[in-house]
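Me: Could you take a close look at one part of this model for me, the interface of chain B and chain D? I'd like the cut-offs spelled out as you go.

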Amino acid sequence: MVVKNRLINSGTGFARTGLAGMVFLMMLLMSSMVMATKYDVVAPSGTHEGEDVPQPIDFPHDIHVKDNGINCMYCHTYARRSKVAGIPPTSKCMGCHKVIATDKPRIQQLTKYWEDKEPPPWKKVHDVPDFVHFTHEKHLKTLMFDREFPVENVKEICAFCHGEVENMTVANKVKPLNMGFCVSCHIENKDLGAPGDCWKCHK
Amino acid sequence: MSGKMNRRSFLKVMGWSGAGVALTGCDMPSTVTLEEGKEDVVSYLMPEEYVIPGVGVWYASTCTQCAAGCGIHGRVREGRVLKLEGNPDTAVNNGKLCMMGQAGVQGHYNPDRITTPMMRSGGSLEPVSWEKALGVLEEKLGAVSGDRFAWFTGSISGHQSVLLTNHLDAMASNTHYVHEVVNNAVSRTVNQDMLGEANPRLRLDKAKMIVSFGADFMGASQSPVQYAGQYAKFRTNKERGLLVQVESKMSLTGSNADLWLAIKPGTEAVLALGMASLLLNKIKVSDAGIPSDVRTLINDYDISKVARITGVAGDRIQRVSQLLTERSPSLVLAGANVEGQAQGYAATAAIMMLNHILGNVGRTIESAGEFPFPQLMAKQGGTADLVAFSEAATAKKLDVVIFHGSNPVYTAPKSLGLTEAMSNIGFKVAISQFPDETTMAADLVLPVDSYLEDWGTQVPADQAEASAIHVQQPLMEKLNAETKGLGDILLTLLKQRRKDEYAQFEDYYAYLRHAFAAMPMSVKNDAKSNDEFWNAALQTGAIKVDVGVTDLQSTVVSFAAPVMDSSDGLTLVPSPRLGLFDGRHANLPWLQEAPDQISKVVWDSWVEMHPTTGAKMGIGNLDLVKVSSAQGSVTLRVVLLKGMHADAVAIPLGQGHEAHGRYAKGLGVNPLQILDATTDSKTGELAMYSTRVTVKRVGPADSLSMVRMGTGGGDNQVGRKLVGTVPVEQVRRTEGT
Amino acid sequence: MTMVTEKDINEQIAWAKINTDVLKSMENPRPAYWVTLAVCIAMVACAALAEYIQYTVGMGPSNLNNPHMWDMYIAAFVFWIGMSHSGTLLSAILHLIHADWRKPIYRFAEAMTTFSLMTAGLFPIIHLGRVWNMYWVLPYVSDRGIWPNFRSPLVWDAFAISTYLSASMLFLFVGMIPDLAICRDNTTGWRKKLYTILSLGWIGSDQQWRNFRKIYLLMACFLIPLAVSVHSIVSADFAMSIMPGWHITTFPPYFVAGALYSGCAAIITLFVLLRYFFRFEEYMTLPLMEKTAKLTFAIAMVWTYLNLIEFASVWYGHDIYNKELLIAKATGPYAWIFWTMLFCGSVLPFALAFRKLRRHMPTMFVVSLFLNLGMFFERWMIVAPTLSMSHEPHQWDIMYGSIVEWAIVFGSFGWFGMLFLIFVKVFPSVSMYEVKEMVFHRKQSLGEEDLARMTDHAKPVTQTTGREGT
Amino acid sequence: MSLDNILNHWSDYRKGAEEGGHHDYEHRWAMAINLDLCIGCNACSTACYAENNLPVVGKEKFEKGQAMHWMRIERYWDQQELEHPEQGASFLPMMCQQCGAATCEPVCPVAATYHTPDGLNAQVYNRCIGSRYCSNNCPFRVRYFNFYSYYESSWPEPMEQQLNPDISVRDKGVMEKCTFCVQRIRTVKDKAFMEDRPVQDGEVITACAQACPTSAIVFGDTMDEGSMVNKLWKKHQVERGIYQKTQHAKKNADLRGYRIFEELNVDPSVMYLERVREDV
């Protein structure tokens, strides 16, 4: 079923000869039957020169991810439950920073917000246009949970679209996140059930 | 309190992640290049477990768009309420919601909402602070006492109503004017006299046949959604219900009748008596319990006479009467056009009598039972209070009046002279959401929360099988910091009078929590704690109340013989409609743009007239005409419709606002303005349907904003099968229904 | 039709005279010219303004509405496409069948073809809701990997029209080369530069003539099927739909006939104008007008016949919607347009059957204008009523375009006029070398051959002309 | 409509609607509307405005016929010969019929409208260039075109806060139409996907069906055997596919189910049940 749907609704794709197409589809059929989950994902290609976005607090991703090895989904906890990854609630930050590194200026900044009962006005870095329906949860499910991909390495999957955030302080857009970017990946990963139907993403 | 803090925190409006507020990028350039860091994304301070950004959450509350008090579910996302649906847990509307309810959000987000308190300085209303406003109010209220102070509201129920009553007797006053244009006041009186209950429970779904004398129960009625739901059952019953509608202007209900009979306006009582005489004298139904004078009255109305007076064919009357006896239990209903006659009481009584004769009482008209919290029950309005109010005002009997949820300046006929009388009232306070006519006439304006921002309880007057108290809770944070909830305002006013008694309640929320806690165990259905009961109530949006079982009495009161108004001219039918209703919703664009169900006109007023009547006066479709009564005249366009009696013209309510925001202002005309001030002797209700008018053509045909019917083809199916119609026999055969 | 036919052209006319006459027509425009040109430009300006409004505000101001998603724009589009067929007919088809009487008049017809195509091409673009995305109908490789819908007649249009336009432009240009050479040799200043470039170093050598003839013939052959296909495809815009009044099998021939019809009518109009203003009486002679008129008459009859076929097939067919629509057309709010169309299209052409009238230029002028009016109404009658009275009675409605819409439609005439006026002053609107051929052949047929005398006469004018006849 | 799609599925494309077209469906969303219960009250229409960010065009534009009501209630008077319409009015809720053999799809030059594996006629707003051919070729006339840019005029501050984030706000020059509330379908399907289960019947409900006070509208998946809507279609012997097929299926001509303009072979996804009236 999965395969069939992919065939009929490939609303996108590059020109290729009918023969090649047929052969390709044959391969798809067999392969997806044999080892449905055992696929290595082809990461989308493309780079983007994102400008530096000044944030209320220069949140150092590198320290949290690289040095302290905190999992992305620990803070961006909505990613697996919702279409948006979400910004961690201030309470979560304070969970640790009531005690940790309280002497650091940035932490004091944070604490100030906390005491004023005002969440920091974070700026959006990664965004898709409002007419696009993108869900983090489905991508995580297909790319990670369904493939028994080790959760601790989730950052490799996040990196597909967000780049290596572990090496940034304030996150910075390094992938184009435009239609071509999405489409190329969806075509490459058809066998993971990446849909080609326009209405899957356009709303 | 803490519970509340959390609540507010999760009601916080978040960053609108993809809220569709930005354009689609359909404009050029065709691909949106998103700049990073332009949009804010606000995170929660402390999230509730069940609130996930990007996922809509549904909260139960209660609709206050009309007096029906349907339960609603509001879809909240990122702290904004987006869409209202019916609440499946409330029996009144179980899961359904009418167009007015749907448009509730537009009232809430309306650009013309009043955002700050205003006080009249010099000629105009100037913004002031709450402190100032309340200070002045306290002083004014201090200066007045007894009946020189009054509240003027629309139908009101629940704990707000309780507080209001308490405030009245804190002011040692007992003048509370309750005014509704769309009302069933006369029927309530008649029911009270004949059945012993003002609001018995109508069971359309149990009836095998309904004869409705202009009762638009699915349209502008006391509980449209509830009766529409009952109608659906009525139609889908094993034995499909038969609906006969007798009226002089086709209503929404009439347009769904199996048999629609046009009757000469004002002669409904005669028809009822005629049917009674058929039933008693021809078909020999028992006349037990009918007072002798009524019995003799009935005998005067033989079929031929009735047919002559009403203009309804005799054989039709006979057939319908015959069917009524065959299709038992049936239900006979009297509508606003019957109640709103010079002899409204008598006419309504005559019609209700048929239910007695046919033995419908107790079968399709049930007792609503004993509601355990009488103080919470709805104070339903009528027009009698409007008359009383304008008299009091004219007689300079009022010093301070507080208006809420009603717009008398707009709804009162000129003949009542209210507009002038308003100036006789020393100090007029309007607790209002929109700058409507009354609010603009007030000296002090207090901005009130929309019902989607406010706490409260509503008790529907027309309860469904299971009686209930409906809970109203804020679905989002206040749009404007300056507005206050009605309950909170009432509470503040009470604190001004009875500090000691009400000081304990920090705000209306606290009061409600207290009141709920105080409720008897019977309604708490074994909730462990008060909090649990409270949360359950918020979740379901309703508290089921056991009203026990009582029986209705079935008597017939003696009523005056119908007097035919022989004066010439056409009778004006000021028809309310689902949508703009009595004009209160004229500021909701969705409802302005929703075509009138029958004439399909939008954004305007029009006068409906039968083609023959038009032909007689040389008036064509869409001509500009002047409709004049003794009280004045309005000029508007004609729509020729066959769903009219030749002696009647109908002008829909709702338009003709001089204020009430950008969407309402300056559109169409207000037929209420030209009504006579005659009242029904027995109930004092305005006889809204007895005004005689003349129609004169003053201009050529021109376009009226109607759904496109340029070639006139739009009115009929020109042989295509768009809406197929089949006889009921065929359906019985195929579907066995 | 009398047996004593006078000559299509006076074969005694000297080649030199031909050159001078034609070249003269290209020089020192009279005030009338400037005025007309100004008027045309003004019309274009109005249209541009209207289009600007439409572009910024949206399609709303054009009064298009739910039933009428298309209106005058598409009608005008079809009209102009139709206009473009005559040129091909005269130059290509008649060329193949060796009807040499075409020679004096095919040049401006061809120009007409090109320019009306350039006008027609604008309309599908103008009527788009999002003009800035028009290139999406062309297949091009992008990282999104999306393509146009090759099943849609509009895409076929895009291909067909662009092909036809480029082909007809090329045909016009190639056909002009020898004349351009003549212009080159008889002008100075910017004109000389221009013609030098355009004439591609034509010296009239035998080799060049041989190639020229080959390529010209080849293109003629190529152009004819193209012309037919283009209008068939345009007709597909309607015939491929399921709407009553559009979903009609006979549309392709019907459209082609209509196209040739309006084209010929337009030729007559311009024939008269050029003959009068440029004093081309000697080249655009009455017999030629007669021939053109007869041709037009024949085509008019074909068109009428196809009309009747359509009516009959609708009338006796089972498509009730279609039949209702036909009746509505004839009796409903559009009746006046419908009957005007039939009168102008089928009755009026009988004027062309009378020799007297055929030879009376003012009459021909007026008649030809009315023929085209009829053709314009025909297009209107194809587009509008179907939308007004389609399947869904609730959406029935009549609608007449707004000022914006009409401004753009009229502007298109200005646009066409402008292009044509510029053409006639920059390029020879009568083909000199072909007229010379014609004269030469007519002489031959008369058995008089005096090349020498002719060339002598020709000498003073230009060096090259000497070799031209050969 | 991509090139590889044509190349790969050429033979599929040549399949007629009677053979299910070139589609291989996951779902086939469909409706059954009981006209006997439709009272013409406009609840569905207004609900649609609320759900789908439909602009309010105002008096003048409405007069011009540029209104944007995806769900419109048509009112017809039968018995024209009588002096009064004694059997009331005939109401018809008319929205996009999501045809199986939709006539709007093949004519769109840029394939902005196409058929989804859910059996819906998708309209991709961003792809649309506004040729309006689709609307011209729609026998039901249910496609609405953005003749203006309504964003400022129709949602003045703070009304834009009511806009539904799950569906975009269309700008000028774009065609739009009823989508069977695809955003609701999408949400439910995502949910089902996350829970590795099929979509349940009744889980997806369109705004109109949810609002309808008389429950005249039933929405569901005709490929789900147990679904309410499928049962209704079966009961009334109306089948997907074109005329001949449906006529063949309809053994009992007296059954109330029918599809509008069946004879045009567009295979609508909306089945109407005839209005019932009793002669008195």
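Reply: Happy to, and what follows is about the interface of chain B and chain D. This is a predicted model, in which local features need pLDDT of at least 70, side-chain atom pairs count only at pLDDT 80 or more, and totals for chains, interfaces and linings use all residues. Residues are numbered from 1 along each chain as its sequence is written, chains are lettered from A and ligands numbered from 1 in the order in which they are written, and side-chain values use heavy atoms, with hydrogens and water left out.

Let's begin with the extent of the interface. Chain B brings 103 residues into contact with 88 residues of chain D, where contact means heavy atoms within 4.5 Å. The size of an interface is often given as the accessible area lost when the parts come together. Here the buried area is about 8,400 Å², and carbon and sulfur atoms give 55% of that; buried area is the accessible area (1.4 Å probe) that two parts lose on being put together, summed over both. On the side of chain B, the residues that lose the most area to chain D are Trp590(B), Glu593(B) and Leu722(B), together 8% of what that side buries.

The rule finds ten salt bridges across the interface of chain B and chain D, each being a side-chain nitrogen of Lys or Arg within 4 Å of a carboxyl oxygen of Asp or Glu. A salt bridge joins the side chains of Arg75(D) and Asp715(B), at 3.1 Å from N to O.

By class, the side of chain B that touches chain D has 51 nonpolar, 27 polar and 25 charged residues. In that scheme Ala, Val, Leu, Ile, Met, Phe, Trp, Tyr, Cys and Pro count as nonpolar, Asp, Glu, Lys and Arg as charged, and the others, Gly among them, as polar.

The peptide bond from Ser328(B) to Pro329(B) is cis, with omega near 0°. In chain D, the bond from Glu157(D) to Pro158(D) is cis as well, with omega near -5°. His660(B), a residue other than glycine, has a positive phi near 75°.
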